[in-house]
Amino acid sequence: MSNEFRIDRLGECGFDSPVSTGWFVDERQGVILDPLLPFDGSPAGMTLLEQAGPRNRLFFKPEETSAAIVTCGGLCPGLNDVIRAIAVVMWYRYGVSRVLGARYGYAGLTEAGGQAPLNLTPEIVDDIHQHGGTILGTSRGDQDPAEMVDWLTANNINILFTVGGDGTQRGALALSQEVARRGLPISVVGIPKTIDNDLSYTDRTFGFETAVAMSQPPIDAAHMEAKAINNGIGLVKLMGRESGFVAASASLASSDVNLVIVPEVPFTIDALIAFLKERLSRKSHAVIVVAEGAGQDLVPGDGVDASGNRKFGDIGPFLKQTIMERLAKENVPAKVKYIDPSYTIRSAPADADDSVFCFQLGENAVHAAMAGRTSMLVSQLNGHFVHIPLTKAVETRKKINPASAFWQSVLDNTGQPSLT
């Protein structure tokens with residue numbers, strides 16, 4: 001296993017696992033990081049990742065273990081599913097009866113947060129997966145790692161599960177480094193939550209599949225609105241600050257989209273208008289899907305939010321107004337119907353596929369933590385659940401490669417030209 005992907009451990013595992021299902025991970029096996037190999041044989045030094053799953057020996061003694069869960073950042077389908085998965089696996093598989101939910105993000109791990117944690121008993125979490133949002137609440141904003149570790153020690157927490165995206169996991173990394181600096185036996189395990197699907201070393205993040213599925217009705221509505229009038233244009237803005245996976249995948253699933261605009265592929269207004277003029281002359285209608293982070297050279301944002309994330313300009317209304325004005329100047333009468341379903345999607349319950357995925361992420365996070373793994377993220381990569389060091393998970397964002405088979409599928413589906 002490559003040293004850069006080696007998972008930190010708190011120490012030797014001195015307790016037998018109470019998990020009685022009969023299957024445990026074979027520690028002699030790993031998951032290949034890159035499954036593409038040359039025809040002339042596999043290269044030396046192949047990078048392997050640690051496989052996720054239950055271990056037959058534990059670092060923590062279950063009856064003496066306490067855990068906490070924190071959810072951070074924006075809402076995303078599946079948050080409650082993950083909370084429930086962690087709580088029930090801790091309770092029923094391992095016999096850990098003290099699982100706390102920190103309130104309102106990382107602020108809940110500080111005395112200044114002012115909110116007592118929620119005791120996540122099986123009765124409390126029983127049906128929370130049926131609802132959107134998070135029963136723990138969430139927030140943005142940096143918190144002092146030292147203050148959060150003080151809270152963990154004061155509350156006798158042995159394991160912390162951090163559910164969130166890039167910013168959350170950067171906070172988890174800083175927190176785990178403070179834990180290590182103090183030499184404390186506290187496990188910090190991350191679970192990837194970003195509706196944008198932009199965390200590195202993951203096939204997907206939870207909430208993404210639900211977002212793609214829920215994007216279909218708005219795209220259908222935009223299509224119907226556009227077709228109902230002469231030179232109608234349906235414009236739908238979807239999630240995707242740095243990465244356009246939701247917009248691209250939703251457009252592929254729809255097959256009614258004529259143009260997809262994502263942050264990874266630059267465009268100009270002149271090329272966009274030229275495309276629309278040609279499209280309207282042939283078909284008398286068009287459907288455009290744009291990711292929220294596209295075109296930020298045209299609509300610069302203003303400062304940063306409480307977590308230090310850049311505030312983006314609103315590309316949707318800008319495109320609507322610009323398209324109407326430019327087409328009018330060129331004597332092309334058109335109307336733009338604009339739809340932004342973002343908050344409706346973010347606050348929805350997870351669909352069936354995401355619910356399954358959420359449970360598997362949660363249970364594998366528990367298995368990892370109980371075996372003393374720390375400063376890591378549970379991920380699904382190349383079809384397997386694996387452990388990824390937090391240092392690797394946050395080193396860069398996953399983005400669409402414009403030279404990839406995936407983006408070629410988008411171009412083949414929409415038939416769109418280059419917009420530069």
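**Strands, helices and cores: a chat**

Me: Which residue in β10 is the bridge partner of Ile159?

Reply: Ser187 is the bridge partner of Ile159 in β10. Strands here are DSSP runs of E with at least two residues, helices are runs of H or I with at least four, and both are numbered from the N terminus. Before we go on: this is a predicted model, where local features need pLDDT of at least 70 and side-chain atom pairs count only at pLDDT 80 or more, while totals for chains, interfaces and linings use all residues. Residues are numbered from 1 along each chain as its sequence is written, and side-chain values use heavy atoms, with hydrogens and water left out.

Me: Thanks! How many bridges join β9 to β10, and do they run parallel or antiparallel?

Reply: Six bridges join β9 (residues 159-164) to β10 (residues 187-192), and the two strands run parallel. Two strands count as paired if DSSP finds at least two bridges between them.

Me: What is the strand order in the open sheet with β9 and β10?

Reply: That open sheet has nine strands in the order β3-β4-β17-β16-β10-β9-β6-β7-β8, with mixed pairing. At its edges are β3 (30-32) and β8 (118-119), each pairing on one side only.

Me: Which strands does helix α11 lie across?

Reply: Helix α11 (residues 352-370) lies across β9, β10, β16 (376-381) and β17 (384-389), and runs at about 165° to β10. Such angles run from 0 to 180 degrees between N-to-C directions, with axes fitted to C-alpha atoms (for helices, over the stretch in contact).

Me: Changing topic: where is Arg55, and is Arg55 buried or exposed?

Reply: Arg55 sits in the loop between β4 (48-51) and β5 (57-58). Arg55 is buried, with a relative accessible area of 3%. Buried means under 20% relative accessible area, exposed over 50%, and partly exposed in between (1.4 Å probe, protein chains only).

Me: What does the side chain of Arg55 reach?

Reply: The side chain of Arg55 reaches the backbone oxygen of Gln51 at 2.8 Å, and a polar contact of 3.0 Å joins the side chains of Arg55 and Glu27. A polar contact is a pair of N or O atoms within 3.5 Å; within protein, one must be able to donate a hydrogen and the other to accept it, and residues adjacent in sequence count only if both atoms are side-chain atoms. Leaving out residues up to four places away in sequence, Arg55 also touches residues including Phe24, Arg373 and His387, where contact means heavy atoms within 4.5 Å.

Me: And which residues have the most contacts inside the largest nonpolar core?

Reply: Ile69, Met90, Phe161, Phe206 and Met370 have the most contacts inside that core, which has 65 residues. A nonpolar core is a set of buried Ala, Val, Leu, Ile, Met, Phe, Trp, Tyr and Cys residues joined through side-chain atoms within 4.5 Å. Another core, of 30 residues, lies apart from it, with Cys72, Leu160, Leu173 and Leu377 among them.

Me: What's the order in the open sheet of four strands?

Reply: The order is β12-β13-β11-β14, with parallel pairing. β12 (259-261) and β14 (335-339) stand at the edges with a single partner strand each, so one side of each has no neighbour in the sheet. Direction ignored, neighbouring strands of this sheet are turned by 20° against each other on average. Helix α9 (residues 315-329) packs on the sheet, touching β11 (232-238), β12, β13 and β14, and its direction makes about 160° with that of β11.

Me: How many residues of β13 are buried?

Reply: Seven of the seven residues of β13 are buried, so β13 is largely enclosed by the rest of the structure. His285, Val287, Val289 and Ala291 point one way, and Ala286, Ile288 and Val290 point the other way. In a regular strand the side chains alternate between the two faces of the sheet.

Me: Last one: what do the buried residues of α8 pack against?

Reply: They pack against β11, β12, β13 and α9, and among them are Ile269, Phe275 and Leu280. Helix α8 (residues 269-283) has 15 residues and reaches 21 Å from its first C-alpha to its last, close to the 21 Å expected (1.5 Å times one less than the number of residues). Just after α8, Ser284 takes a positive phi of about 65°.
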